[in-house]
Structure formats: C-alpha cells, structure tokens
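The sequence and the structure come first.

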Amino acid sequence: MMWKVIQKELNKKHWSMKTLSKISGVKYDNLVRYKSGKRDPGFSKVCKIADALEISLDELRERKEEN
C-alpha cells in the first residue's frame with residue numbers, strides 16, 4: 001500500500017492515524033503494522049481505508065516504475 005498517498009490524504013483532512021482507524025473501522029494497531037511493513041492488509045481492509053479517505057483503490061495501488 002502506498003503510505004505516501006495515505007499520509008497525503010490524512011494531512012489534507014487533518015486526520016491522525018487514530019482518526020483513520022475510527023472512521024475506517026480498521027484497528028489502529030493494524031494500521032501501524034501495515035505502515036511499518038510488518039503486515040499486509042487484506043483487500044477488505046484496503047477497501048475500508050480507501051472508503052474512509054474517499055479515494056479510489058487505484059490511487060492506493062503500487063506501481064512499478066518503468067525503466
């Protein structure tokens with residue numbers, strides 16, 4: 001997941017990760033694990049995060065840079 005995008009959206013909304021947790025329904029501890037790379041979120045969690053941030057799933061998709 002592209003945490004740069006998530007952080008940008010959090011900044012725009014003036015939200016903390018705890019606010020994202022509350023609005024998305026994804027546990028705060030899990031958000032911390034996802035951000036640190038210790039755990040990968042499932043599709044349903046990614047959907048909840050995107051819905052809470054009011055962005056598309058495509059915006060969260062990581063793309064490999066073409067050489």
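On one side of α2, Lys 18 and Lys 22 are exposed (over 50% relative accessible area, with a 1.4 Å probe and protein chains only; buried means under 20%, partly exposed in between). Helices such as this one are DSSP runs of H or I with at least four residues, numbered from the N terminus. The model is predicted: local features need pLDDT of at least 70, side-chain atom pairs count only at pLDDT 80 or more, and totals for chains, interfaces and linings use all residues. Residues are numbered from 1 along each chain as its sequence is written, and side-chain values use heavy atoms, with hydrogens and water left out.

The buried residues of α2 are Met 17, Leu 20, Ser 21 and Ser 24. Seen down the helix axis, they fall within an arc of 100°, so they line one face of α2; the arc is taken from the directions from the axis to the C-beta atoms. Their cover includes α1 (3-13), α3 (28-36) and α4 (43-53).

Ser 24 belongs to α2, which spans residues 17-24. Ser 24 counts as buried because its relative accessibility is 9%. Leaving aside residues up to four places away in sequence, Ser 24 touches Lys 48, Ile 49 and Ala 52, where contact means heavy atoms within 4.5 Å.

| Side chain | Backbone atom | Distance |
|---|---|---|
| Ser 24 | oxygen of Leu 20 | 2.7 Å |
| Ser 24 | nitrogen of Val 26 | 3.1 Å |

After α2 comes Gly 25, with a positive phi near 85°.

Definitions and conventions. Helices (H or I, at least four residues) and strands (E, at least two) are DSSP runs, numbered from the N terminus. A polar contact is a pair of N or O atoms within 3.5 Å; within protein, one must be able to donate a hydrogen and the other to accept it, and residues adjacent in sequence count only if both atoms are side-chain atoms.
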